[in-house]
Amino acid sequence: MTSGPQLRLYNTLTRSKDVFTPIDPGNVRMYVCGPTVYDYAHIGNARPAIVFDLLFRVLRHVYGADHVTYVRNITDVDDKINARAARDFPELPLNEAIRRLTETTAAQYQKDVTALGCLAPTVQPRATEFVLPRADGKADMTTLIQNLIERGHAYAANGEILFDTASMPDYGRLSQRRLEDQQAGARIAVDAHKKNPEDFVLWKASSAGEPGWPAHFHLPDGEVTITGRPGWHIECSAMSAAYLGEVFDIHGGGLDLIFPHHENEIAQSRCAHGTDVMANVWMHNGFLQVEGKKMSKSEGNFITIHELLETEKFGGRKWPGEVLRLAMLMTHYREPIDFTVRRLQEAEAKLVSWYEALVQADPVADFRSAAGQYSGDLYNDLPEFVDALLDDINCSRTVTAIDGLRKKLSKESAPLFAYAINLMGVDLESFDTWYRDRMASVPEEQEIQTLVDQRTAFILMGQWSDADEIRARLLTWGVVLRDEKDPVTGERRTKWELKR
């Protein structure tokens, strides 16, 4: 994008959308909260992975691939991890069981998000490697906690080290929660050892059988060694500082992390380093529900990325990673998503239409090289796409722009078309493999006609969603429907054509 508009991002901290100005254009720095690897990642975890991968791609395109540092952590110390490890590997010492569990689930996460078209971040630090002081001098959790103690922002109580929220005058700025309002209705008796109800744990002692590290702290009344483990929030403060510095450009994550996680990250980092901000821009993706309901195991709609890719749990079939990615990107990242079978069918049909248009425009092109062959000015050649992408990565508008180009696609514009799709992170070469396999399994003519007749029956009964699902299914096989009225009887009839 050599000319045209500047990148503008919505900042949760300021509640405004502004032109993005990096601290150092030679090293644009972004941190995103990654998975807690106690189980397979679910589709709610897929959304931030996809959203911030797209932003990573845009930043690389604007500033150059060698000038962007993207850190996404792996949380491998957590009470849920401890419980799951003890359950799954009861014959092993807990620390060994934890490592066995997290190695497996972390590897599965990498495999899943790669299938969703996500590039590997620049660095993926594991929390357990940043607990105690490091030989390389990078930031660690216990040193940050010691800094907070020395600056008067942390105290010891009941075997814990806690952050003193009252020591930070503007605590709650990100979530816009006033401390005095929180205290007014708090049940202080629940945690009587805290100075303030909103104070949170930086370090907690481990009991027998729990994982722990021997941490040394210098307190106002003397030194103490607490064999324990870190609080959740301090982990990200340490890992972001280790690779991005005390202040960096962008911090991302899900909307559910604004409070308390991101609020407390900001408090720890700013107070430990004495800075005005932790990150200049805070970005959050919206919530996800499944078929109109909050995803939960009790509702029976809890779905992992692995299940969507490898099993027939959702919609009675497996789904390609490219379809899952586009289904997420068809809605603006800050808006909520209702993840449905119909949404996947729509995304699949759209991808099929893009693929077929590209093949028809240039039947012998290699999709990977076709994207690589484009070397023009993207803003001049496809301004609607660039305007949308740089306007707070408005992916739903970029999809519309790609659709517009598809309608007038030619052999000459095919590389531009492939390039735009590739910039969205959709791997057309991989989709080509799926498409050919799918076309090989197209049903016989009579089976197609049966489905067309079923759709007609659904329409007559007013069951429009069922009728639409059949249309979408047929479209993935290249079956195009045309509804019309019988010139004699006036009744609806449907003709179909198979386009390969």
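Rings of Phe, Tyr and Trp (its six-membered ring) are taken as a pair if their centres lie within 6.5 Å, and a pair counts as stacked with planes under 30 degrees apart, as edge-to-face over 60 and as tilted for the rest. The structure holds 12 such aromatic pairs. The legends below describe a predicted model, in which local features need pLDDT of at least 70 and side-chain atom pairs count only at pLDDT 80 or more, while totals for chains, interfaces and linings use all residues. Residues are numbered from 1 along each chain as its sequence is written, and side-chain values use heavy atoms, with hydrogens and water left out.

View 1. The mean pLDDT (the predictor's confidence in each residue, from 0 to 100) is 91 for the protein, and 96% of its residues reach 70 or more. Over residues 184–190, pLDDT stays under 50, and the model has two contacts beyond four places in sequence for this stretch; contact means heavy atoms within 4.5 Å. Where pLDDT is low, the predicted coordinates should not be read in detail.

**View 2. The stacked pair of F163 and F200.** The rings of F163 and F200 are stacked, at 5.0 Å centre to centre and with 15° between the planes. F163 belongs to strand β6 (residues 160–163) and F200 to strand β7 (residues 200–205), so the pair ties together parts that are 37 residues apart in sequence. Strands (E, at least two residues) and helices (H or I, at least four) are DSSP runs, numbered from the N terminus. F163 and F200 are both buried. Buried means under 20% relative accessible area, exposed means over 50%, and partly exposed lies in between (1.4 Å probe, protein chains only).

View 3. The ring centres of W203 and F217 are 6.0 Å apart and their planes stand at 70°, so the pair is edge-to-face. W203 is in strand β7 and F217 in strand β8 (residues 213–219), 14 residues apart. Both residues, W203 and F217, are buried. Strand β7 runs antiparallel to strand β9 (residues 222–230), joined to it by three bridges; strands pair if DSSP finds at least two bridges between them. The hairpin from β8 to β9 passes through two residues.

**View 4. A ring cluster and two arginines over rings.** Y355, F367, F431, W434 and Y435 are linked into a cluster by ring pairs. Elsewhere, the charged end of R60 sits over the ring of F56, 5.2 Å from its centre. For R177 and the ring of F259, the corresponding distance is 3.6 Å. A charge sits over a ring if NZ of Lys or CZ of Arg is within 6 Å of the ring centre and within 35 degrees of the ring normal. F259 is joined to P260 by a cis peptide bond, with omega about 10°, and P260 lies in helix α7 (residues 258–273).

**View 5. Helix α9.** Nine of the nine residues of helix α9 (residues 321–329) are buried, so the helix is largely enclosed by the rest of the structure.

**View 6. Two residues with positive phi.** R15 is not a glycine but has a positive phi of about 55°. R15 is in the loop between β1 (8–11) and β2 (16–19) and is partly exposed, with a relative accessible area of 32%. D392, also not a glycine, has a positive phi of about 60°. The loop that holds D392 runs between α13 (383–390) and α14 (395–406), and D392 is buried at a relative accessible area of 0%.

**View 7. The surroundings of T128.** T128 is placed in the loop between α3 (94–115) and α4 (141–150). With 22% relative accessibility, T128 is partly exposed. T128 and V77 lie 6.4 Å apart in space, C-alpha to C-alpha, and 51 residues apart in sequence. Not counting residues up to four places away in sequence, T128 touches D76, V77, R99 and W213.
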